[in-house]
Structures are given as structure tokens and as C-alpha cells.
Amino acid sequence: MMTESDVVLVTGFGPFGEHAVNASWEAVSLLPGTIAGCTIVKQEIPVLYRQVEEIVPRLWHRYNPKLVVHVGVSSATREIQIETCANKKGYKRADIEDTCPANGQVCYGQADTIQTSLCARTICERLNQDSTWKASISNDPGRYLCEFIYYVSLSHNNQRTLFVHVPPLNEPFSKSQLARALEEIVKCALELIGDTEGHSAHFANDSVRIYKNGRAAAAF
């Protein structure tokens with residue numbers, strides 16, 4: 001039986017729209033079986049709101065992962081983007097079955113916006129030490145399945161959740177380059193989690209940033 005200390009869950013999305021081959025899953029599928037002593041569990045997620053709401057909580061329950069990294073593709077970027085937050089409402093773009101979530105919002109969580117407590121700046125700086133990649137910070141995951149899945153996991157545990165946007169394949173990174181970047185992101189995120197766990201419980205609680213109506217709210 002795998003324990004929390006053993007598992008990192010990494011997801012990518014299946015095909016949709018112009019992305020008949022989704023760069024996110026192509027890159028995730030190339031990750032090694034272990035990173036930094038953790039078992040890497042890889043999961044392809046269909047571009048369906050209802051499937052995200054069913055599959056993602058089940059994966060959290062099954063694996064109790066040390067870290068969850070969701071990966072999605074964006075035609076609007078030519079960089080690797082580390083997303084900082086996700087919103088509960090505003091999901092009006094239809095999925096591959098031409099459906100939207102009820103009332104355009106995630107059924108989990110209460111806060112209007114949840115921010116990851118993992119430091120995006122640190123992760124970007126780590127990636128940008130290698131000239132192979134160009135990484136940047138984003139606070140707008142796009143109000144589609146990428147942001148939707150991010151909110152679902154952030155509402156479960158924002159101290160162990162991250163979302164990464166990658167560009168389409170070969171624009172400019174190959175899938176092997178993207179996979180190596182994701183591996184480095186996982187290593188860095190695990191180090192950040194380890195650093196947080198090394199501090200006092202009080203400090204860890206203070207580091208959780210959850211926002212409601214633009215103001216800091218109590219941790220869920």
C-alpha cells in the first residue's frame with residue numbers, strides 16, 4: 001500500500017478542439033516512474049467537467065498524494081507557465097460533450113478564489129536556470145478545464161497542489177523537453193513542501209492564502 005510520502009500525482013488532459021494531440025498528456029506520459037524517491041502516478045483526464053469532478057477527488061482519496069501537479073496545454077503561450085490560483089465561478093465554455101457545469105461553477109469549495117501556497121517564483125527561477133526552458137508566472141488559468149481542475153484540487157489541499165500550462169508540442173519545446181521541465185517542477189515543489197513541513201504549524205497555517213471577494217478568508 002502506497003502512503004502519502006510515496007506518491008506524486010501528475011495529470012494531463014486528453015484531446016480537445018485543435019489539440020488532437022494534447023501536449024500536456026504527451027509530456028506527462030514521458031515522466032519517469034519515480035522522482036526524488038516518490039512514485040509518480042500519471043493520469044490522463046478527459047476534457048469533461050463532470051469527469052474532473054468525479055475523477056480528481058477519487059484520486060486524492062485513493063493515493064493521499066504528497067503532491068498533485070495538473071498540466072494543461074495553452075495555445076496562448078510559448079513558455080511554461082506556473083499558475084498561482086483558480087476561481088470557483090465563471091465556467092461558461094463548453095467541454096467536448098458541449099456541456100458546462102451547473103451555474104458555471106465548481107461544486108467543491110467555498111472561496112471565490114484559492115491560491116496555491118507553493119511559491120511560483122521559486123519554481124520559475126529554478127526552471128530558468130536551464131536555458132532549455134523559459135518559465136513565467138500566470139494568475140489567469142483561463143476559466144476552462146485547466147482552471148476548473150485546479151480549483152477542485154486546491155479546494156482539497158492548496159499546500160500540495162500546482163498547475164502548469166505548457167505550449168503546444170514543438171512550439172517551441174519537444175515533448176521530451178517538456179517532460180524534463182515537469183520533472184524539475186516536481187522536484188522543486190517537493191522541496192518546497194519539505195521546507196514548509198520543517199517550519200512550525202503556526203507558520204504553515206499562515207502561509208495558506210485563500211481569498212473570498214478579494215479578501216483573505218479563514219483556511220478551509
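Residues are numbered from 1 along each chain as its sequence is written, and side-chain values use heavy atoms, with hydrogens and water left out. In this predicted model, local features need pLDDT of at least 70 and side-chain atom pairs count only at pLDDT 80 or more, while totals for chains, interfaces and linings use all residues.

Q: How many helices and strands does the protein chain have?
A: Helices (H or I, at least four residues) and strands (E, at least two) are DSSP runs, numbered from the N terminus. By this definition, the protein chain has 6 helices and 11 strands.

Q: What percentage of the 220 residues in the protein chain is buried?
A: A residue is buried under 20% relative accessible area, exposed over 50%, and partly exposed in between (1.4 Å probe, protein chains only). Of the 220 residues in the protein chain, the buried share is 50%.

Q: Which elements do the buried residues of helix 2 pack against?
A: Helix 2 covers residues 49-63, and its buried residues include Tyr49, Val52, Ile55, Val56, Leu59 and Trp60. A contact means heavy atoms within 4.5 Å. The buried residues of helix 2 pack against strand 1 (7-13), strand 3 (38-45), strand 4 (67-73), helix 4 and strand 9 (161-166).

Q: How far apart are the end C-alpha atoms of helix 2?
A: The expected span of a helix is 1.5 Å times one less than its number of residues. For the 15 residues of helix 2 the span should be 21 Å, and this agrees with the distance between its end C-alpha atoms, 21 Å.

Q: Which residues are linked with Arg126 in a network of salt bridges?
A: A salt bridge is a side-chain nitrogen of Lys or Arg within 4 Å of a carboxyl oxygen of Asp or Glu. Arg126 meets Glu184 with the closest N and O atoms 2.8 Å apart; Arg126 lies in helix 3 (residues 120-128) and Glu184 in helix 5, so this pair ties together parts that are 58 residues apart in sequence. The salt bridge of Arg126 with Glu191 has an N to O distance of 2.9 Å. The residues linked with Arg126 in the network are Glu184 and Glu191.

Q: How many residues apart are Glu26 and Lys175?
A: The side chains of Glu26 and Lys175 meet in a salt bridge, 3.2 Å from N to O. Glu26 belongs to helix 1 (residues 23-29) and Lys175 to helix 5 (residues 175-197), so the pair links distant parts of the chain, with a separation of 149 residues.

Q: Which residues are the closest to the centre of the largest pocket?
A: On a 1 Å grid over the protein atoms alone, a pocket is an open set of points where a 1.4 Å probe fits, with protein on both sides within 12 Å along at least five of seven lines; lining residues have an atom within 4 Å of a point. The largest pocket has a volume of about 340 Å³, a volume being the space filled by probe spheres set on the points, which are joined across faces, edges and corners. Of its 21 lining residues, the closest to the centre are Val73, Ser74, Ser75, Arg93 and His165.

Q: Where is Pro172 found?
A: The peptide bond from Glu171 to Pro172 is cis, with omega near 10°. Pro172 is found in the loop between strand 9 and helix 5.

Q: Is Asp98 buried or exposed?
A: Asp98 has a positive phi of about 60° although it is not a glycine, and Asp98 lies in the loop between strand 6 (85-87) and strand 7 (113-115). With a relative accessible area of 64%, Asp98 is exposed.
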